[in-house]
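Colleague: I would like to learn how to read helix packing, sheets and ring pairs in a model. Could we take one feature at a time?

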Amino acid sequence: MPQLLAGKSALVLGVANRWSLAYAIAQAYRREGARLLLTYQGERQRQTVEELGVSLGADMILACDVSSDDDLARLLETLRASDLPLDAVVHSIAFADRDDLSHPFVETSRKGFLLAQEISAYSLVAVARAAAPLMRSGGSILTLSYLGAVRVVQNYNVMGVAKAALESSVRYLANDLGPSGIRVNAISAGPVKTASARGVKDFSKVLDGVARISPLRRNTDPAEVADTAVFLASDLGRGVTANVIYVDAGFQAMGLAHE
Ligand code: NAD
């Protein structure tokens with residue numbers, strides 16, 4: 001079978017460890033022949049991400065904290081200097097204070113609300129603005145969302161509101177960048193046990209519920225999210241933009257389910 005991303009270069013932001021959804025996506029992109037540029041948040045992740053990057057044969061592994069305009073400018077400068085045309089960008093980044101993922105939403109502080117919005121939603125806008133000029137032949141920008149954007153999921157709270165802003169940003173960015181041939185989409189993934197997910201109180205109950213209730217009666221495999229990310233970055237996805245695609249074993253369709 002031909003490789004779906006042969007000849008393409010992809011910037012993947014958000015690998016922290018081998019459980020990260022961004023890592024599953026990077027693996028699938030590599031399998032399909034893409035050149036990889038990885039970023040990690042900071043010193044704490046550096047060694048792990050460098051090791052993973054080397055094992056994936058990544059061309060570049062760079063630090064980028066998306067809350068820092070300096071880091072974003074440095075990333076852009078490095079990419080520009082490398083002269084690699086960019087075809088795909090994966091934004092797989094979110095953060096909220098742990099307290100805000102365990103107390104009632106009504107108790108969310110101004111600071112906690114703005115922090116979740118900045119890291120989990122605004123950063124997509126900043127990354128898209130930096131990357132778009134390097135996507136000279138058009139391409140695909142992808143972010144990761146969750147059902148908590150559009151439904152109430154116990155304890156997801158401030159992150160659900162940030163994901164709502166993220167999904168809306170996908171639509172506005174798609175409209176701005178569409179004339180340049182750049183497509184912008186989100187994958188709304190079912191729950192997966194990662195470092196970020198462990199910050200949500202009672203996350204294992206969410207996994208249990210999905211396994212019982214979803215049409216496929218199981219949870220989501222990160223490789224399923226990654227294969228959809230391949231589709232979106234490939235020419236097969238050329239007509240898809242401004243979309244939120246659910247890769248969640250069908251859970252989003254369910255209302256009331258009987259045991
Ligand atoms: P993860 O913890 O592996 O990844 C989150 C990443 O965000 C980490 O690499 C972390 O370093 C990065 N990050 C946080 N703050 C940052 C900053 N200031 N600058 C740069 N990077 C920063 O967890 P994950 O579950 O793979 O999360 C990836 C994305 O998938 C997130 O947007 C998350 O909301 C989304 N998502 C996860 C699930 C799930 O159940 N795991 C479900 C749906 C959507």
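Modeller: We start with a pair of helices. H1 passes H2 in a right-handed crossing. This is a predicted model, and the values below are computed from it.

Colleague: At what angle do H1 and H2 cross, and how far apart are the axes?

Modeller: The axes of H1 and H2 cross at roughly 20° and come within 10 Å. Angles under 35 degrees count as roughly parallel, and H1 and H2 are therefore roughly parallel to each other.

Colleague: Which residues meet in the contact of H1 with H2?

Modeller: From H1 come Tyr23, Ala26, Gln27 and Arg30, and they meet Leu52, Ser55 and Leu56 in H2. By class, that contact has four nonpolar residues, two polar and one charged.

Colleague: How does H1 pack against H7?

Modeller: Helix H1 covers residues 21-31 and helix H7 covers residues 222-233; their axes are 8 Å apart, at an angle of about 55°. That angle makes H1 oblique to H7. The crossing of H1 and H7 is right-handed.

Colleague: Which residues does H7 bring to the contact with H1?

Modeller: H7 brings Pro222, Ala226, Asp227, Ala229, Val230 and Ala233, while H1 brings Leu21, Ala24, Ile25, Ala28, Tyr29 and Arg31. In this contact ten residues are nonpolar, none is polar and two are charged.

Colleague: What is the angle between H4 and H5?

Modeller: Helix H4, residues 110-131, packs with H5 at about 20°, and their axes are 9 Å apart. H4 and H5 are therefore roughly parallel to each other. Their crossing is right-handed. The H4 side of the contact includes Phe113, Leu124 and Val125, and the H5 side includes Met159, Leu166 and Leu173. The contact of H4 with H5 holds 15 nonpolar residues, four polar ones and no charged ones.

Colleague: Now the sheet. In what order do the strands lie?

Modeller: For a sheet, read the order of the strands and then the direction of the pairing. Here seven strands form an open sheet, in the order S3-S2-S1-S4-S5-S6-S7, and the pairing is parallel. Strand S3 (60-63) and strand S7 (243-247) are the edge strands, each pairing on one side only. On average, neighbouring strands of the sheet are turned by 20° against each other, direction ignored.

Colleague: How many bridges join S6 to S7?

Modeller: Five bridges join strand S6, residues 182-189, to S7, and the two run parallel. As an example, Ala189 has Val247 in S7 as its bridge partner.

Colleague: Which strands do H2 and H7 lie across?

Modeller: Helix H2 (residues 43-56) lies across strand S2 (35-40) and S3, and runs at about 175° to S2. H7 lies across strand S4 (88-91), strand S5 (139-145), S6 and S7, and its angle to S6 is about 165°.

Colleague: My last topic is aromatic rings. What describes a pair of aromatic rings?

Modeller: A pair of aromatic rings is described by the distance of the centres and the angle of the planes. A search of the whole structure finds one aromatic pair. Tyr146 and Tyr156 form that pair, with 4.8 Å centre to centre and 70° between the planes, and the pair is edge-to-face.

Colleague: Where in the chain do Tyr146 and Tyr156 lie?

Modeller: Both Tyr146 and Tyr156 lie in the loop between S5 and helix H5 (157-177), so the pair ties together parts that are ten residues apart in sequence.

Methods. Residues are numbered from 1 along each chain as its sequence is written. This is a predicted model: local features need pLDDT of at least 70, side-chain atom pairs count only at pLDDT 80 or more; totals for chains, interfaces and linings use all residues. Side-chain values use heavy atoms; hydrogens and water are left out. Axes are lines fitted to C-alpha atoms, for helices over the stretch in contact, and angles run from 0 to 180 degrees between N-to-C directions. Helices (H or I, at least four residues) and strands (E, at least two) are DSSP runs, numbered from the N terminus. Angles under 35 degrees count as roughly parallel, over 145 as roughly antiparallel, 65 to 115 as roughly perpendicular and the rest as oblique. A crossing is left-handed if the near helix is turned anticlockwise from the far one by less than a right angle, and right-handed if clockwise. Contact means heavy atoms within 4.5 Å. Ala, Val, Leu, Ile, Met, Phe, Trp, Tyr, Cys and Pro count as nonpolar, Asp, Glu, Lys and Arg as charged, and the others, Gly among them, as polar. Two strands pair if DSSP finds at least two bridges between them. Rings of Phe, Tyr and Trp (its six-membered ring) pair if their centres lie within 6.5 Å; planes under 30 degrees apart count as stacked, over 60 as edge-to-face and the rest as tilted.
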